[in-house]
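Subject: Structure handover

Hello,

Here is the structure I promised to pass on. Please open it next to this note. My findings follow below.

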Amino acid sequence: MRAYWYDNEAGDQRQPHDSGREVHAEYLSQLGVLYCRFADEKDVDKLAEERSYKNRDVITVSPEKMGDVYEEKVKSFFHEHLHEDEEIRYIRDGAGFFDVRSEGDEWVRIYLEKDDLIILPAGIYHRFTTDTNNYIVAMRLFKEEPKWTPLNRGPEVDVNPFRKEYLQTRQAIPSQ
Ligand SMILES: CSCCC(=O)/C(O)=C/O
Ligand SMILES: [Fe+2]
């Protein structure tokens, strides 16, 4: 895992867009974003049990696996959105970028590779993209049935109760 401020330069989303300004895991945790490195899948079983995650699936995001819909899918993952549940992703192969909004509404880019696990809190605005290798395999954990429900950023979603709850719990974040 490596986290840094996104450079906001135009260009391919799959490029690193690395401003060179690093972000530490402690700051991510202030945003409610938790990171772990698990070499053993049993550690994920334990985490799933502790947090009452009953279901999981494995998604491969690549042109080989997805065919014609790959570009469309990557575009939809990169559209800024939130979920009403936590997003837990455990990377099994390949790599990709999760971008999360900071308390000042800037993008923090988090690069994840095999054995990295991330937990994004409900209500945080974020987006995802593969890197230039166009290949990631991720385990997705679900409390209930496997389902991906993004709520794209907009005035209605800004006042979504899960968004408001997220902002309330993050009120005391000092800017970095
Ligand atoms: C690599 S998992 C696919 C992306 C995804 O599920 C998501 O919610 C991105 O924000
Ligand atoms: Fe998401």
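Is His126 buried or exposed? His126 is buried, because 24 other C-beta atoms lie within 10 Å. The scale runs as follows: buried means 20 or more other C-beta atoms within 10 Å of the residue's own, exposed means 12 or fewer, and partly exposed is in between, with C-beta atoms placed from the backbone.

Ground rules before the rest. This is a predicted model, in which local features need pLDDT of at least 70 and side-chain atom pairs count only at pLDDT 80 or more, while totals for chains, interfaces and linings use all residues. Residues are numbered from 1 along each chain as its sequence is written, and chains are lettered from A and ligands numbered from 1 in the order in which they are written.

The annotated site

The unreviewed UniProt entry lists His81, His83, Glu87 and His126 under "binding site". These four are spread over 46 residues of sequence, yet they cluster in space, with a largest C-alpha distance of 11.6 Å. UniProt positions follow the numbering used here, feature names are shortened, and annotations may be inferred rather than shown by experiment.

His126 sits in strand β9 (residues 126-130). Strands are DSSP runs of E with at least two residues, helices are runs of H or I with at least four, and both are numbered from the N terminus. Leaving aside neighbours within four places in sequence, His126 contacts Phe98, Asp99, Val100, Arg101 and Leu120. Contact means C-beta atoms, placed from the backbone, within 7 Å.

Glu87 belongs to strand β6. Glu87 is buried because it has 22 C-beta neighbours inside 10 Å.

His83 falls in the loop between β5 (81-82) and β6 (87-101). His83 has 18 C-beta neighbours inside 10 Å, so it counts as partly exposed. Its contacts, not counting residues up to four places away in sequence, are Ala122, Thr149 and Pro150.

Around ligand 1

The shell around ligand 1 includes Glu87 and His126, along with Ile59, Val61, Phe77, Arg89, Gly96, Phe128, Ile136, Ala138 and Trp148. A residue is near the ligand if its C-beta atom, placed from the backbone, lies within 6 Å of it. At least two shell residues come from each of β4 (55-61), β6, β9 and β10 (136-142). β6 gives the most, with 3 residues.

By class, the shell has 7 nonpolar, 2 polar and 2 charged residues. Nonpolar covers Ala, Val, Leu, Ile, Met, Phe, Trp, Tyr, Cys and Pro; charged covers Asp, Glu, Lys and Arg; the others, Gly among them, are polar.

Elsewhere

Strand β1 (residues 2-6) runs antiparallel to β7 (residues 107-113), joined by 4 bridges. Ala3 stands opposite Ile110 in β7. β1 also pairs with β2 (residues 18-22), antiparallel, over 2 bridges. There, Tyr4 stands opposite Glu22. Pairing requires at least two DSSP bridges between the strands.

Helix α2 (residues 41-50) lies largely in the open, because 0 of its 10 residues are buried. Ser52 follows α2 and has a positive phi, near 60°.

Best wishes

Terms used. Contact = placed C-beta atoms within 7 Å.
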